[in-house]
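Me: I'd like to learn how to read a structure like this one. Could you walk me through a few features?

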Amino acid sequence: MGKFLLRRLTNYLVLVLLATSVGYFLAALSLNPRANFEERNPPPPPAVVDQQLYELNLNDKTPIVQRFSTWISGVAQGDFGKTIGGESVAVEMRRRMGVSLRLLLLGSIIGGVIGVLAGVVSAVKQYTLTDYSLTLVSFVILATPVFLLAVLLKVGGLSVNQALGTTIFYYTGEYTPGLTGPWWQLAVDRIQHLILPTLAVVLPGVAFYSRYQRNAMLDVLGSDFLRTAQAKGLTSRRAVLKHGLRTALIPMATFFAYQFGLLLIGATFTEKIFAWHGMGEWFVDSVTTNDVNVVAAVTLFAAVLVLVAGLLADLAYAALDPRVRIR
Amino acid sequence: MTAPISPAATGSAPATTAPGHAEDFRSLSRGRLVLRRFLRKRLAVVGLAVLVALFLLAFAGPALSKWGYASQDFAAFNQPPSAEHWFGTTQIGQDVYAQTMRGLQKSLVIGLLVAVFSTGIAAIVGSCAGYFGGWVDRVLMWLVDLLLVLPSFLIIAIASPRFRGKSWLLFVALLAGFGWMVTARIVRGLTLSLREREFVQAARLMGVPSGVIILRHLLPNMSSLLIIDATISVGGAILAETGLSYFGFGVQPPDVSLGTLIADGTPSALTFPWQFHFAAGLLIITVLAASAVGDGLRDALDPNIACERAR
């Protein structure tokens, strides 16, 4: 078991390194930071532009391999270079990572739990009104791109606010800037800001997991061991939850790893649309401002997260399926 | 040379062609079987009808209106739907109907092309990895792992400044080039079991070149899976395309797709809802219809799944 995880971990570390390198090279080749300086009015002299680009390690006159080695040796020491505005990427990243991770954690945990529960209910009550309505809702959500879902939630929240005449849902930023008051008022303010973005991340997850959990659960419900469990005297609820659910959760572990990448992209849309200053928003803005170092840093962040999700999925797999542990 | 395995090889082929070849009785019956199973799924038939209607609308629709997608009516800004402008107008007087039709056209075509190409790449990569094994397998699967680590959205977004101002076909190539990995894994798994079968070994012993074995013996035997996969990925491809276009990383102006239209309509979703809701609604309907067809086709082509699902 330990050996199995260790091997996976090494494999993952190599992949992170490679993915980051690919991200850096792609960004350095595709984005053109020079344009940022040359488009200034009045245009600065070329020598000044060169010097500034050189200080930021963004000068396209330096060979790309050299720029990369400067960057990667900095990363190894926790220095992610500078943004195109000359600020430290690492400082900004620390702040933004918290914002993104909060959204992603809430999204994956709430989405996973509700999705699995919905899938189980849907399977146990197969071909009933509950099943059909859950299926319909999840199909519609799966057919709605996250950006559209986020915009619709925003519009919906706004109409609720207008209908009630007070502001219940906020849809810009994480908290109201400059708000002072007792701590619970600040907490309520944060929650009001959190609801809509979290929903935008949670709902696709619920829809996704509930579909797969329903299928996995249906397979299990017809199996012999569940009948045996009931025959030996377990109530059907106990049998389904203790024996059925555990078995049906095994394939979900794989889907969790796969779905996490999608969640990450979904969070990008959500952050951008709800003006949360997280990693996703940063990425989209940096591509438009040709900020190579930031783009590379976000790529690293994404790769690490996807692989952590993969590792967690491996662990969950081992926890749920004893056969993996024996090997 | 391929005579002994032709029933297996052609067995699933008719699904790609119309079931109308009367001279080939065996394929006709298989095609009919699939068709009958498909028609039994009401939802899938509705989905197919909707998809066909959307295609007709997207390609014939622009001809019905006198407005082009790029033309402007300087007498009507932000007008609600009327007899003159069926879906209303935008802030600069563009006809929302003409724009939406154009966007639908683009999104549908991109979705279809990406689905076909990515399934094609997956078929070739997966079958090569499975058939050759050894270092080919290791290198290809490793590539798959690497590409799965980097979300394709990020890669395409980073690369987008490079194809700004170039053909949208490049965008299709990128979407397809980063969307084949999961299917390639499945194809590889199937190939591993197929290559041990007698008809493949017979072909190999008779000296049939590897490429021919893959194209003529392995891939036709997975045609069901490939067709299902291509159909299902249409919806995913449309979602990916609109998502990238929403941020300006995909289809570039002056051309439009449903994604750019939704992005343009978002700020006025409450004040001038017609600029937003038509494109949004059509997008959801398109993806829903595509996934309904995909599900129906899977049940029709793969009776094992259908049996499991039956009550």
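What follows is a short chat about the chains, their helices and a few residues.

Reply: Before we start, this is a predicted model, so local features need pLDDT of at least 70 and side-chain atom pairs count only at pLDDT 80 or more, while totals for chains, interfaces and linings use all residues. Residues are numbered from 1 along each chain as its sequence is written, and chains are lettered from A and ligands numbered from 1 in the order in which they are written.

Me: Okay! How many helices and strands are there in chain A?

Reply: Helices (H or I, at least four residues) and strands (E, at least two) are DSSP runs, numbered from the N terminus. Chain A has 13 helices and zero strands. Its C-alpha atoms fill a box of roughly 85 × 60 × 40 Å along the principal axes.

Me: What share of the residues of chain A count as buried?

Reply: A residue is buried if 20 or more other C-beta atoms lie within 10 Å of its own, exposed if 12 or fewer, and partly exposed in between, with C-beta atoms placed from the backbone. In chain A, 40% of the 327 residues count as buried.

Me: Where is A:Asn290?

Reply: Look in the loop between helix 11 (279-288) and helix 12 (292-320) of chain A. A:Asn290 counts as buried because 20 C-beta neighbours lie inside 10 Å. Leaving aside neighbours within four places in sequence, the contacts of A:Asn290 include A:Leu31, A:Pro33 and A:Ile84.

Me: At what angle do helix 11 and helix 12 of chain A pack?

Reply: For this, axes are lines fitted to C-alpha atoms, for helices over the stretch in contact, and angles run from 0 to 180 degrees between N-to-C directions. Here the angle is about 145 degrees, and the axes of helix 11 and helix 12 of chain A are 9 Å apart. Among the residues that meet are A:Trp282 and A:Phe283 in helix 11 of chain A, and A:Val298 and A:Phe301 in helix 12 of chain A. By class, this contact has eight nonpolar, one polar and no charged residues. Ala, Val, Leu, Ile, Met, Phe, Trp, Tyr, Cys and Pro count as nonpolar, Asp, Glu, Lys and Arg as charged, and the others, Gly among them, as polar.

Me: Now chain B. Where does helix 11 of chain B bend?

Reply: The bend at a residue is the angle between axes fitted to the seven residues ending there and the seven starting there. Helix 11 of chain B bends by about 30 degrees at B:Val234. This helix is mostly covered, with 22 of its 24 residues buried.

Me: Last one: how many residues of chain B are in contact with chain A?

Reply: There are 31 in chain B, in contact with 34 residues of chain A. Helix 6 of chain B gives the largest share of the side of chain B that touches chain A, nine residues. By class, that side has 22 nonpolar, six polar and three charged residues.

Definitions and conventions
Two residues are in contact if their C-beta atoms, placed from the backbone, lie within 7 Å.
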